[in-house]
Amino acid sequence: MRDPSICQGPDGTFHMVWTSSWTDRIIGYASSKDLIHWSEQKAIPVMMHEPTAHNCWAPELFYDEPSKTFYIFWATTIPGRHKEVATSESEKGLNHRMYYVTTKDFKKFSKTNMFFDPDFSVIDAAIVKDHDDELIMVVKNENSNPPEKNLRVTKTRNIQKGFPVEVSEPITGDYWAEGPAPLIVGDYIYVYFDKYRNHTYGAVRTKDRVNWEDVSDQVSFPKGIRHGTAFTVDKKVLDALLKQTPNTWFNDKDLTLTGVYYYPEHWDESQWERDFKQMRDLGFEFTHFAEFAWAQLEPEEGKYDFAWLDRAVALAAKYDLKVVMCTSTATPPVWLSRKYPEILVRLEDGTVLDHGARQHASFASPLYRELSYKMIEKLAQHYGNDPRIMGWQLDNEPAVQFDYNPKAEEGFRQFLRQKYGNDIKALNDAWGTAFWSEVYASFDEITLPKTRQMFMNHHQILDYRRFAARQTNDFLDEQCLLIRKYAKNQWVTTNYIPNYDEGHIGGSKTLDFQVYTRYMVYGDNEGIGRRGYRVGNPLRIAWANDFFRPIQGTYGVMELQPGQVNWGSINPQPLPGAVRLWMWSVYAGGSDFICTYRYRQPLYGTEQYHYGIVGTDGVTVEPGGREYQQFINEIKTLRKHYAPRDAKPAEYTARRTAILFNHENAWSIDRQKQNRTWDTMKHIDKYYRTLKSFGAPVDFITEDKNFNDYPVMIAPAYQMADEALVKRWTDYVRQGGNLVLTCRTAHKDRMGRLFEAPFGSLIDALTGNNMEFYDLLLPEDPGIIVMDGKKYAWNTWGEILLPGKDSTPWATYTEEFYEGKPGITFRKLGKGTITYVGVDSTDGALEADVLKKLYATLNIPVMDLPYGVTMEYRNGMGIVLNYSDKPHLFALPANATVLIGEQNIPTAGVLVFKP
């Protein structure tokens with residue numbers, strides 16, 4: 001299903017049509033009274049009478065009131081039928097025109113007729129009725145040689161007489177646009193559309209119905225939105241929709257599912273059944289296959305062997321184990337690397353990666369993608385309709401490749417041509433190439449930036465990082481779409497390492513949800529106390545939960561450490577109880593499943609010293625395996641106490657806080673830190689750590705989310721901004737939100753350029769301040785800032801502020817030539833507040849006290865949990881976790897019932913209670 005169009009009939013029924021396939025001669029149809037419960041899908045065979053019809057694309061609905069008739073119209077190519085137009089090689093043979101049928105009841109349909117036959121290839125028509133009853137149709141000029149790919153308008157007052165084939169000039173700009181969704185909003189007609197090559201949505205509007213303005217920077221859409229419909233509904237319908245849970249893949253009453261990796265290709269087949277039986281006996285509910293098995297799935301190019309995998313799937317099913325199937329693209333077989341060496345990743349220093357490890361193939365290589373997709377399609381055809389397969393994992397821990405393969409350089413140039421509309425001047429302006437004589441005369445002169453070269457253009461590097469992240473996202477999206485052609489009731493995801501600032505997490509719009517990999521004990525010494533490294537960083541899992549969950553509402557953990565690992569700098573034993581603690585930590589954040597790597601410890605290969613659930617003999621359960629068994633049994637017990645996911649105390653939800661995050665801010669700051677001690681992620685952690693001590697539910701959100709969902713929102717070091725974002729911040733505050741902005745915010749535009757205005761002045765009207773200047777100090781001799789009589793050390797960044805009349809200074813500098821001037825201010829604005837923290841403290845104590853003061857001012861009740869102890873609510877239960885090096889006596893709510901653990905929680909202990 002794609003390109004859905006929805007129209008409400010006079011009886012209140014919503015009717016929907018959609019594209020069912022790239023090459024079908026039918027369109028899909030369903031109906032609903034509430035947009036939640038839908039009729040059975042059915043096919044409308046609109047072009048079955050045309051045996052050579054190539055497609056039925058993007059059907060749209062329109063209800064004509066005078067004739068009380070529904071019109072369904074769509075684009076079809078019938079070879080040789082229409083006036084030929086020049087096409088690009090990739091679109092050879094495509095020459096679309098608009099056809100239509102009518103119906104009054106969606107049971108009987110008219111014959112198919114021509115609807116719109118201009119002198120260009122046309123798709124994506126959509127109609128809106130204006131205030132004066134004139135019908136305005138927006139269409140896409142699909143001509144590809146030269147490319148048009150823009151939206152145009154034609155009008156009529158009688159749909160039965162048709163629309164004039166003479167259309168307007170383009171109403172969209174120098175980008176490719178499709179999927180128009182017109183809507184009347186007040187005096188304006190808005191047309192929302194898909195900027196599909198930019199992976200974003202845009203909008204244009206007109207008031208006089210002649211002149212159109214681009215307002216893309218004034219609208220916000222959910223991530224992943226593609227060609228769809230905009231229409232109005234009664235508020236009751238909307239309210240009911242908003243109450244629906246986004247999770248359709250898992251049964252909330254299960255609380256969570258638990259699984260384990262298994263590699264049948266690593267073990268003698270005679271042992272498989274024994275292993276699956278023991279998995280089941282330990283309580284595991286699913287397993288995970290074929291992550292690194294391309295060589296076994298396709299031993300020779302074009303020759304596939306799924307028989308061994310079929311036997312493994314059948315045995316897993318025998319013991320009631322569902323299967324997560326994987327696409328194996330992290331480990332291309334040797335025949336591929338040897339026959340096509342051009343697919344290998346090339347590092348910046350010229351080193352070419354080779355067969356013998358993993359993730360050595362270039363995502364930017366069209367040939368590698370083609371070979372991957374052939375294998376994936378065969379796998380999806382084979383298992384896509386198999387009810388034993390619960391879902392799919394794409395690749396393994398896909399990262400952003402900084403790849404210098406020649407195809408990556410070609411791809412980068414093409415990315416830039418598309419981004420800047422083939423306008424080299426626009427690129428030069430964006431990159432500031434007038435500086436140091438860096439000016440380009442053509443896109444062919446551009447190479448991949450040498451990031452290790454001193455003073456390399458950081459605007460160019462910013463675009464390169466955007467391109468690199470998109471390569472990973474596109475590779476995953478294309479895999480997902482291939483699987484979707486065949487998958488029935490199977491979800492698709494991938495397992496990211498939570499490197500939040502790489503920029504690709506959440507960027508693959510087609511995935512059903514996001515999952516992560518998390519290891520806790522590997523010699524980093526980020527825990528608490530003398531042997532804290534046996535337990536791990538107290539917020540390492542919590543941060544991942546709070547980052548992944550808000551992306552789509554559903555998340556899981558695909559790899560969670562079962563014991564000692566092999567790859568750390570030092571690989572100590574986890575503290576007894578720590579493995580179980582990690583599982584409870586994942587669960588507490590709202591996950592739907594937890595999976596561990598791996599069932600059996602390998603006997604050969606790079607990861608020989610990596611523990612499994614069972615040891616090297618294949619049968620002895622390791623300590624971590626026993627902790628998994630304990631957790632599984634505890635979850636089964638808690639299922640008896642099930643309550644809906646969002647059953648949480650009002651006091652807890654009142655503390656709900658968002659941290660606004662954009663990885664590009666870290667990218668930009670990282671190239672120009674101005675102080676060697678600056679660390680963007682540690683700066684954010686100072687606020688996050690405090691919020692978790694409050695017992696606050698925290699969401700890391702991106703700009704496409706609704707700010708008004710959160711009583712408090714923090715935007716730490718949000719360096720790159722624009723007027724549209726500042727307006728959204730201001731509206732949020734005026735409407736009752738409480739915003740915290742911190743130092744380095746809104747200093748630059750989205751290309752990392754300073755504004756031609758007083759430094760930092762983009763947010764002056766919001767904060768009520770002017771920035772006089774900023775200062776940076778040596779860490780050996782930090783400065784002092786004072787709030788409420790308490791002194792705090794700082795050195796990394798400090799902004800000296802000139803507050804307005806309605807801004808209240810909260811903290812002032814001392815012992816500097818600007819002594820007495822404020823670095824933190826608070827201001828009431830409209831119904832809300834804006835707190836500006838213009839300084840980064842040395843140890844986070846200042847940030848903690850600022851938030852305590854703010855929440856007290858706002859009368860938001862908070863807890864005071866020590867670092868290492870966290871608390872979350874889900875499914876009507878409170879979960880308290882102790883990562884500290886001493887027991888913690890938790891103050892239970894009155895009349896609470898302990899379900900698991902005890903009130904005095906030991907190190908690595910867990911308390912679960914019913915409030």
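Two strands are counted as paired if DSSP finds at least two bridges between them. The legends below describe close-up views of a predicted model.

**View 1. An open sheet of 4 strands with antiparallel pairing.** The strand order is β35-β36-β40-β38. The edge positions are held by β35 (869-874) and β38 (897-900); each has a single partner strand, so one side of each lacks a neighbour in the sheet. Ignoring direction, neighbouring strands are turned against each other by 25 degrees on average. Within this sheet, β36 (residues 877-882) and β40 (residues 910-914) are antiparallel and share 4 bridges. Isoleucine 879 has valine 912 of β40 as its bridge partner.

**View 2. Helix α11 across the sheet.** Helix α11, residues 578-588, lies across β35, β36, β38 and β40. The helix runs at about 140 degrees to β36. Arginine 580 lies in this helix, and its side chain meets that of glutamate 634 in a salt bridge, 3.0 Å from N to O. Glutamate 634 belongs to helix α12 (residues 623-638), so the pair ties together parts that are 54 residues apart in sequence. Arginine 580 and glutamate 634 are both buried. A network of salt bridges with shared partners joins Asp546, Arg549, Arg656, Lys692, Asp699 and Glu872.

**View 3. Strand β3 and its partner strands β2 and β4.** Strand β2 (residues 14-19) runs antiparallel to β3 and is joined to it by 6 bridges. Methionine 16 is placed opposite alanine 30 of β3. Strand β4 (residues 42-44) also pairs with β3 in the antiparallel sense, over 3 bridges. Isoleucine 27 has isoleucine 44 of β4 as its bridge partner.

**View 4. Salt bridges of aspartate 3 and lysine 149.** The whole structure contains 59 salt bridges. One of them links aspartate 3 to arginine 2, with 3.8 Å between the closest N and O atoms. Aspartate 3 has a relative accessibility of 10% and counts as buried, because the cut-off for buried is under 20%. Arginine 2, with a relative accessible area of 32%, is partly exposed. A salt bridge is also formed between the side chains of lysine 149 and glutamate 142, at 3.4 Å from N to O. Lysine 149 and glutamate 142 are both buried.

**View 5. A nonpolar patch on the surface.** The patch is formed by Phe435, Trp436, Met454 and Phe455, which together have about 560 Å² of accessible area. Phenylalanine 435 sits in the loop between α8 (424-431) and α9 (458-484). The relative accessible area of phenylalanine 435 is 53%, and this residue therefore counts as exposed, a class that begins over 50%.

Note on methods
Residues numbered from 1 in each chain as written. Predicted model: local features only at pLDDT ≥ 70, side-chain atom pairs only at ≥ 80, totals over all residues. Heavy atoms only, no water. Patch = residues over 30% accessible without salt bridge, like charges linked within 9 Å, V, L, I, M, F, W, Y side chains within 5 Å. Areas by Shrake-Rupley, 256 points an atom, 1.4 Å probe, with all protein chains shown as cover. Salt bridge = Lys/Arg side-chain N within 4 Å of Asp/Glu carboxyl O. Helix = DSSP H or I, 4+ residues; strand = E, 2+ residues; numbered from the N terminus. Buried < 20%, exposed > 50% of the residue type's maximum accessible area, 1.4 Å probe, protein only. Axes fitted to C-alpha atoms, helices over the stretch in contact; angles between N-to-C directions. Contact = heavy atoms within 4.5 Å.
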